[in-house]
Amino acid sequence: QVQLVESGGGLVQAGGSLRLSCAASGSIFRSIFIFHAMGWYRQAPGKQRELVASITSGGSANYKDSVKGRFTISRDNAKNTLYLQMNSLEPEDTAVYYCNADPYFPAWWGQGTQVTVSP
């Protein structure tokens, strides 16, 4: 069974920082995690879910234009964990953040972690 558990969200003032983590569980999933490009997605109220950052199995990263220079995605394949360091947060970053493969697998969506940035 594939399970992705996101954590690290919270309430922060504009300009602040948060670090999100995504831990993969399930023996089969752990064995394939290292071969997949992974991504962080977010969904704000009333909006569609969007990909904000992705990282290949080899560590090459890509970012949505609005987060470039502020967010950093990384992965620790030995720990089957994906990270998202978010700096200089803006109110527009408020959303529920999810991790999944890139492109995503519908069955892999977890509960997400709420990030709220106050003005």
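1. How many helices and strands are there in the protein? In this predicted model, the protein has one helix and ten strands, and read along the sequence these elements follow the pattern β-β-β-α-β-β-β-β-β-β-β. The radius of gyration is 13 Å, close to the 14 Å that the globule rule gives for 119 residues, so the protein is as compact as a globular protein of that length.

2. Taken along the principal axes, the box filled by the C-alpha atoms is roughly 40 × 25 × 20 Å. Of the 119 residues, 40% count as buried, and among contacts with a separation of 6 or more, 53% are made by residues 24 or more positions apart.

3. The accessible surface of the protein comes to about 6,200 Å², with 50% of that area belonging to carbon and sulfur atoms. As for charge, the protein has 10 positive and 8 negative charges, whose mean positions are 5 Å apart.

4. Some backbone details deserve a check, because most residues other than glycine have a negative phi, and most peptide bonds are trans. The peptide bond joining Asp-102 and Pro-103 is cis, with omega about 0°, and Pro-103 lies in the loop between strand S9 (95–101) and strand S10 (113–118).

5. Asn-80, in the loop between strand S7 (71–76) and strand S8 (81–86), has a positive phi near 50°; with a relative accessibility of 9%, which is under the 20% cut-off, Asn-80 counts as buried.

6. Ser-88, in the loop between S8 and S9, likewise has a positive phi, near 50°, but Ser-88 is partly exposed, its relative accessible area being 41%.

How values were computed
Residues numbered from 1 in each chain as written. Predicted model: local features only at pLDDT ≥ 70, side-chain atom pairs only at ≥ 80, totals over all residues. Heavy atoms only, no water. Helix = DSSP H or I, 4+ residues; strand = E, 2+ residues; numbered from the N terminus. Rg over C-alpha atoms; globule rule 2.2 N^0.38 Å. Buried < 20%, exposed > 50% of the residue type's maximum accessible area, 1.4 Å probe, protein only. Contact = heavy atoms within 4.5 Å. Areas by Shrake-Rupley, 256 points an atom, 1.4 Å probe, with all protein chains shown as cover. Lys, Arg positive; Asp, Glu negative; His and termini not counted. Charge placed at Lys NZ, Arg CZ, Asp CG, Glu CD.
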